[in-house]
Amino acid sequence: GKLGITPINNFFNKIINIFPAFEEEVCKISTEFYKCVETFPHFYAKEVLDYMPKLINSLKSILPEEEGFIDNAENKSTNNDFGKVLYVDNNIQFGKKVQVSLAKHGITCELAFDVVEAINIIKEDCSNRITTLVSDNRFFNRDKRFNRKQSYHISKALADLPNQVNVITLCGLSTRKLTSLPLQHRRMIVPMLKNDIFKNALGMENFCHTIKQLNREALFKIEQPSMFKDAHLSLYKLHRESYDYELIESDISQTAFTFVKEIAKNGFIPKYLLPAINGRLRTKNQERDLQNFRDILLARRFILGLCQLPYKVILRFEQERNKNIKFDRKDLWFLMYNALKNGELKLNLDEIDDPELNTAFNRSLRMSIRKNYNWQISKNYSLTIEEKNWLRIHCEYFANSFEE
């Protein structure tokens, strides 16, 4: 398959992030790599894998052997950047030690130097790559006074996001005062003594194993959305681990947004642009199965966007055709399904019957017509993490932008 330049750049940027002292050398190797690829700026997976041994040897020749990161890179043919750690500390030396130690366990660690930076990073993590956050309990300025933003504000920001992120809070002398935090912020918060981690012989190793456990628990919840079963579930995991995940997710999000925006304005979108939701998910061709499932993801996001529109917006085109019509709740689902099937915001009851409607939503889309999926009313719907963050970003726009 064809790769874009983004996953290749991410690979080199990850190495530079872990080994900042070797940035110039890594950049030279990356430039040499790009020169060897005849199809640059496009890459083919086989071409990259064939070149990988030489690339690994080049990186090994300049990087410290004991860091252990590069050996793990040989095994990463898929996008496996989930389970990241965000370490928040205004002491860069502590952060670098944590980065190096976690790299030995194959875990990527991103650094933030204050609460504001940490909050910005987690708000931008719409794919929920960060699954563990490590933070000092208290932050001081240069005058040894409390900063205005403390770890409490990070937990508060997390509580407003759909992301699954477990938290380790680092304390100075005692963890006793932090035992109530999980109840306050609806997160698994593990208090740990900072001195135990950085000064005890086995402290850092125990710290890394705790993070691995927290990451596993968070990833399990993310990758097991309750509405997906069997083929849907396995293909969702495959989608998240694929090398083109970022590109495909961006395309799904932008396309769904455009569909909702255009159909809310005009009452229709071209039918040939719409995704098919009746493709088989269990064939001998995994690539085709994945493409069919991604069509379902696009269809789900389109329907979720329509669910955010005010009733008078989504019904107005049908009311213009028939001013005396009275709608019930199920009519809304017929109307939205016709938008997905034919690209028009109208009922079309002559063509669509109850069995087709139920099969489309219950079996193909794995959605319930008993729910309204309005994000401003409730956040407790069974959705993927990508769908939740997409609604978090766009729900207000959909709710307020189309009323005349």
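Which elements cover the buried residues of α14? In this predicted model, in which residues are numbered from 1 along each chain as its sequence is written, local features require a pLDDT of at least 70 and side-chain atom pairs count only at pLDDT 80 or more, whereas totals for chains, interfaces and linings use all residues. Side-chain values rest on heavy atoms, with hydrogens and water left out.

The secondary structure of the protein comprises 17 helices and seven strands, these elements being DSSP runs (H or I of at least four residues for helices, E of at least two for strands) numbered from the N terminus. Of the 404 residues in the protein, 49% are buried, where buried means under 20% relative accessible area, exposed over 50% and partly exposed in between, with a 1.4 Å probe and protein chains only.

The buried residues of α14 are Val313, Ile314, Leu315, Arg316, Phe317 and Glu318, and their cover includes α12 (245-266), α13 (286-306) and α15. Helix α14 (residues 311-321) packs with helix α15 (residues 329-342) at an angle of about 70°, their axes being 11 Å apart; axes here are lines fitted to C-alpha atoms, for helices over the stretch in contact, and angles run from 0 to 180 degrees between N-to-C directions. Helices α14 and α15 are therefore roughly perpendicular to each other, given that angles of 65 to 115 degrees fall in this class, those under 35 count as roughly parallel, those over 145 as roughly antiparallel, and the rest as oblique. The crossing of α14 and α15 is left-handed, a term that applies if the near helix is turned anticlockwise from the far one by less than a right angle, clockwise turning being right-handed. Tyr311, Ile314, Leu315 and Glu318 of α14 make this contact with Arg329, Leu332, Leu335 and Met336 of α15. By class, the contact of α14 with α15 has six nonpolar residues, two charged residues and no polar ones, with Ala, Val, Leu, Ile, Met, Phe, Trp, Tyr, Cys and Pro counted as nonpolar, Asp, Glu, Lys and Arg as charged, and the others, Gly among them, as polar.

Helix α15 also contains Asn338 and Ala339. Ala339 is buried, with a relative accessible area of 0%, and, leaving aside neighbours within four places in sequence, Ala339 is in contact with Ile263, Leu274, Phe302, Leu306, Glu344 and Leu345. The C-alpha atoms of Ala339 and Phe259 are separated by 9.7 Å, although these residues lie 80 residues apart along the chain. Asn338 is likewise buried, with a relative accessible area of 0%, and a polar atom of the Asn338 side chain lies 3.0 Å from the backbone oxygen of Lys346. When residues up to four places away in sequence are not counted, Asn338 touches Gly343, Glu344, Lys346, Leu347, Asn348 and Ile352.

Helix α6 passes α7 in a right-handed crossing, in which Val115, Ala118, Ile119 and Ile122 of α6 meet Ser151, His153, Ile154, Ala157 and Leu158 of α7. By class, this contact has seven nonpolar, two polar and no charged residues.

Technical notes: Contact means heavy atoms within 4.5 Å. A polar contact is a pair of N or O atoms within 3.5 Å; within protein, one must be able to donate a hydrogen and the other to accept it, and residues adjacent in sequence count only if both atoms are side-chain atoms.
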